[in-house]
Amino acid sequence: MLGYEQITLAENEFTTHWKPIATEEERDSFLAGHTNVETDAGTLHISRQPCYEEAIGETLYNSYTNVLYVFPDKICRKLLPVMRNRYITTAKSISYENACSLEKLFMSEYLEQTENGASYGVRFSTLQINSTKANNFILQAAMLYGAVVLMVICLTVLSLQQLLDAGQYRYRFSVLRKLGVEEKHIGNLILKQLIVWFGLPVITAITVAAVVTGCFIQMIWAEISAYIGSTALLLQIGTTAAILTVLLTCYFLSTWIIFQHAVDT
């Protein structure tokens, strides 16, 4: 279905297929202790190609395991079926509208839960891909919006604090002028003061965010590498950091200009 080569097994052989998040140590440990499998159709031995790792999605795996057994068709016909998955590849790509219509037709013909206990479900690649992209976009937009809102609130508080204190600093800077301090040095003092008041909270926030984000990414790095990709993750983090940097620069420059004007008047 995904364009991979068909698995070929010899008589009384089986192989395994692993989730992309499975580690090499987990695979080696499992295969070392499961060289044979007892079935109602006889004993199967591990194949010369003991495992496959091509990405086939998550729906085929149980929530508590990262491995699938792959048996020959001859053996599967003699086993008690619990769940069957049928896959169809269309000659042409199905549009989103047609996929929605086909899903409704299938659900009307095959009820999700029947009287005899059997259950049916249908998945369309077109619908799944569109749904996943839409959910990812909503999640990313919500997180980015929350980050921008929090950043705006914090920077507004810092800016208002400095501008409200400008009246107190006006007298102090006037004393410096009377003592002969040049305007250039006064401007440098104002700049250093704003750098300290803006820099300390921002640096603290960046440090804490970097530690928390690093620990979180390390915890789910296998999932990120398998399903998202490091390049896509770095691109998202870089985009968010760029937006927040632009906001910080705008607030800092506007506060600096207004503060200088308030002190000079």
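Which residues form one aromatic cluster? The cluster consists of Phe-14, Trp-18, Phe-30, Tyr-69 and Phe-71. I note here that I am working from a predicted model.

**Entry 1: the chain as a whole**

I listed the elements of the protein chain and found 8 helices and 4 strands. Read from the N terminus, their order is β-α-β-β-β-α-α-α-α-α-α-α.

I then looked up the extent of the chain. The C-alpha atoms fill a box of roughly 100 × 45 × 35 Å along the principal axes. The radius of gyration is 31 Å, while a compact globule of 265 residues would have one near 18 Å.

Next I checked burial. Of the 265 residues in the protein chain, 20% are buried. The accessible surface of the chain is about 19400 Å², and carbon and sulfur atoms hold 61% of that surface.

I also looked at contacts along the sequence. Taking the contacts with a separation of 6 or more, I found that 76% join residues 24 or more positions apart.

For charges, I have 18 positive and 23 negative ones in the protein chain, and their mean positions lie 10 Å apart.

**Entry 2: the aromatic pairs**

I counted aromatic pairs, and the structure holds 6. I took Phe-14 and Tyr-69 as a case to work through. Their ring centres are 5.7 Å apart and their planes meet at 55°, so I wrote the pair down as tilted.

Is Phe-14 buried or exposed? Its relative accessible area is 1%, so Phe-14 is buried. Tyr-69 has 38% relative accessibility and therefore counts as partly exposed.

Tyr-69 has another aromatic partner in Phe-71. That pair is tilted as well, with 5.9 Å from centre to centre and 35° between the planes. Phe-71 has 18% relative accessibility, which is why I count Phe-71 as buried; the cut-off for buried is under 20%.

**Entry 3: Thr-35**

I moved to Thr-35, which is in the loop between helix H1 (24-33) and strand E2 (36-39). Thr-35 is partly exposed, because its relative accessible area is 37%.

Which residues is Thr-35 in contact with, leaving aside its neighbours within four places in sequence? I found Phe-14, Leu-44, His-45 and Ile-46. Phe-14 is also a member of the aromatic cluster. For His-45 I looked up the spacing too: His-45 is 10 residues from Thr-35 in sequence, and the two C-alpha atoms are 5.9 Å apart.

**Entry 4: Lys-19**

Lys-19 lies in the loop between E1 and H1. I wanted to know whether this lysine was covered, and Lys-19 turned out to be buried, with a relative accessible area of 10%.

Setting aside neighbours within four places in sequence, I found Lys-19 in contact with Glu-58, Tyr-61, Asn-62, Thr-65, Asn-66 and Tyr-227.

I looked up Gln-162 in helix H4 (residues 125-164). How is Gln-162 classed, buried or exposed? Gln-162 has 2% relative accessibility and so counts as buried. Not counting residues up to four places away in sequence, Gln-162 touches Gln-193, Leu-194, Trp-197, Thr-255 and Phe-259.

Thr-240 is in helix H8 (residues 230-264). With a relative accessible area of 25%, Thr-240 is partly exposed.

At 32% relative accessibility, Asn-12 counts as partly exposed.

How values were computed:
Residues are numbered from 1 along each chain as its sequence is written. This is a predicted model: local features need pLDDT of at least 70, side-chain atom pairs count only at pLDDT 80 or more; totals for chains, interfaces and linings use all residues. Side-chain values use heavy atoms; hydrogens and water are left out. Helices (H or I, at least four residues) and strands (E, at least two) are DSSP runs, numbered from the N terminus. The radius of gyration is taken over C-alpha atoms; the globule rule is 2.2 Å times the number of residues to the power 0.38. Buried means under 20% relative accessible area, exposed over 50%, partly exposed in between (1.4 Å probe, protein chains only). Contact means heavy atoms within 4.5 Å. Accessible areas come from the Shrake-Rupley method with a 1.4 Å probe; for residues, only the protein chains shown count as cover. Lys and Arg count as positive and Asp and Glu as negative; His and the chain ends are not counted. The place of a charge is taken as NZ of Lys, CZ of Arg, CG of Asp or CD of Glu. Rings of Phe, Tyr and Trp (its six-membered ring) pair if their centres lie within 6.5 Å; planes under 30 degrees apart count as stacked, over 60 as edge-to-face and the rest as tilted.
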